[in-house]
Amino acid sequence: MKQQQGGGGGLLGVRFESQRFRLLSIVVGCFLISVTFLLSSRPDAGAFDTLSPKPWLEEARSTQTTPTTAIKTVKTSPKLGGRDFLVDVVPLRGAQGESHGRQPQQQSAGEKTETEWVKDTVIIEERIGGAGAGGTERAEQEEAESGVNAAAAGTDRQPGNAHGRNELGTCVHDVREWKRARIKACAAVRGVDLTLPDRDARTVPVSSGLFSDRAETQKVGGRAMKLQADPATIITTEQTPAIIKQTTPLPPLCDFSDRRADICDFTGDIRLDANASSYIVVVDPAVPGQSHKVRPYQRKGDETCMGRVTEITVRTSSAAPPKCTRTHTVPAVTFSIGGYTGNIFHDFSDVLVPLYNTVHKYGGDVQLVMTNVAPWWLVKYDKLLRTISRYAPIDLAKAAAAGEVHCFPHAIVSLRAHRELIIERDRSVDGLATPDFTRFIRRALSLPRDAPSRVADGTGRKPRLLIISRSRTRILLNLFDVILAAEGAGFDAAVSESDVGDELTRVGTQINSADVLVGVHGAGLTNMMFLPPGATLVQVVPWGGLQWIAHMDYGDPAEAMGLRYIQYEIGVEESSLKNKYPRDHEIFTNPTGMHKKGFGFMRQTLMDGQNITVDLDRFRGVLQEALGNYLAQ
């Protein structure tokens, strides 16, 4: 009986020890479950570093310098309609081990996933119209993604739960398909051809066709980035190839509608291959190509003139571009000083006036590129060119001989010309007008007078009348008689015998001293540019129905400059043509009908083929009118 009792006590002791063991097992199990849950929900906890299969990797990452505050930058993408993008670069882990946003999940030893190498997160948020509905959609998307990631984390740590993995896989697939559809919809709205990989993936590398800075949007410090643009999210990793192509055609590089010149104006990655006289705009292969040839001079349609001008090619290219030998941060403006330059009228009307109209907006930060360069021309107009641009001009021929390739962010080929010697305010990009150019001339040459002298200025000086003398054609044969008539009318008369080779400042100072300028129709009247506003120009028009061309070349510009204009048209008796042709000749009976023979005939016969003897009785009336203009100041 005792033995049985003793045996029963032994069984009771064993049963008691078994219960304590089960209780301890439950406690240990709960502890392990708690630790497991803690590690799965807080991968950045201290214990995580200890249990990590790659502590050397985490140690290397922790030694890298990581900003502890968010960096916000606003960028504008010209290929997305000029909309602003807010870029937030936020560290995944700070110096103290803080976590931010969605964390990459820790994998078991030997595993490498696409999220294992993600260190920083970059969010690009397109600013379209404030928070509104767009902000709500982003919040919903963030919440959906967080739920999927959390479910994935829990399921991956339960290898026996195959049913849970199947349900999770279906959920993840649905969310990914939704995001892919949103990405394609966003790309379609922006005119971008978006090609995603066939396999299920959320990762899409960003092409330069959508964002302006490829390196910045793909990597930060050599790490992958996440790009979010409302309404779709674009995530970038290094492992998933995908293509975003900018297929929207470029606007036309050149405008051929202008009457005076063909003009090309373009922006981008631009290479000037001097040896080929070619501007190359580097584009994506999907962008339709363009190629144009332009002669950058402002006498469009004049075959004789344009035959003296170097042709420039402007084209796009998706091939490997020539390497830059020099990179510029300012725009380039290319023009020719061939054509009819060397004649002061064409120097100003074809080059200097259009050049000022084209480059004024750059405030001197522009690179001039010249073709058909004549060294003497650069010397003569050096002061004006230095005021227009801070940089020495590039001679395209010399650059070609040196094999140079110049790179620019923006380029213009040819100049914006309006009428002869005139800038029309309503056509000027900057709202300029002709008086702006003459003011620029006076400032660049340091000319002293901005207005005619006044009668009551206390000096007692007479108004100054200056006569432009011609020595080869259209000579004023009774020049000295005209001087005497002018002095008799009350002027201080003088003669200007300037030549094409004279220094510009000296000529400008002499003309600027005059209150009245008199001259026979011709290039010398271009010197009216130097007159002070309010002065008077008197143009003597030769015989031959030339009134219209005289007014177009000098009358209209004089009025546009703020000058008083008088046009004196000679009669048959004042022309030397009366000694060459009988009185019943068509040149006297129907001179305008002879214009049909072309400008070459007009120039040879009616301009260069006659001299002038002014009728002093008629001309005194002109002098009195000019004096009246002076007295009215």
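Buried, for this talk, means under 20% relative accessible area; exposed means over 50%, and partly exposed is in between (1.4 Å probe, protein chains only). Helices (H or I, at least four residues) and strands (E, at least two) are DSSP runs, numbered from the N terminus.

This is a predicted model, where local features need pLDDT of at least 70, side-chain atom pairs count only at pLDDT 80 or more, and totals for chains, interfaces and linings use all residues. Residues are numbered from 1 along each chain as its sequence is written, and side-chain values use heavy atoms, with hydrogens and water left out.

Start with strand 20, residues 464–468. Five of its five residues are buried, so strand 20 is largely enclosed by the rest of the structure. R464, L466 and I468 point one way; L465 and I467 point the other. In a regular strand, side chains alternate between the two faces of the sheet.

Now the neighbours. Strands pair if DSSP finds at least two bridges between them. Strand 20 pairs with strand 21, residues 492–496, in the parallel sense, over five bridges. R464 has D492 as its bridge partner there. L466 stands opposite L517 in strand 22.

Last, helix 17, residues 599–607. Which residues of helix 17 are buried? M602, T605, L606 and M607. Exposed G600 and Q604 sit on the face turned away from the buried side.
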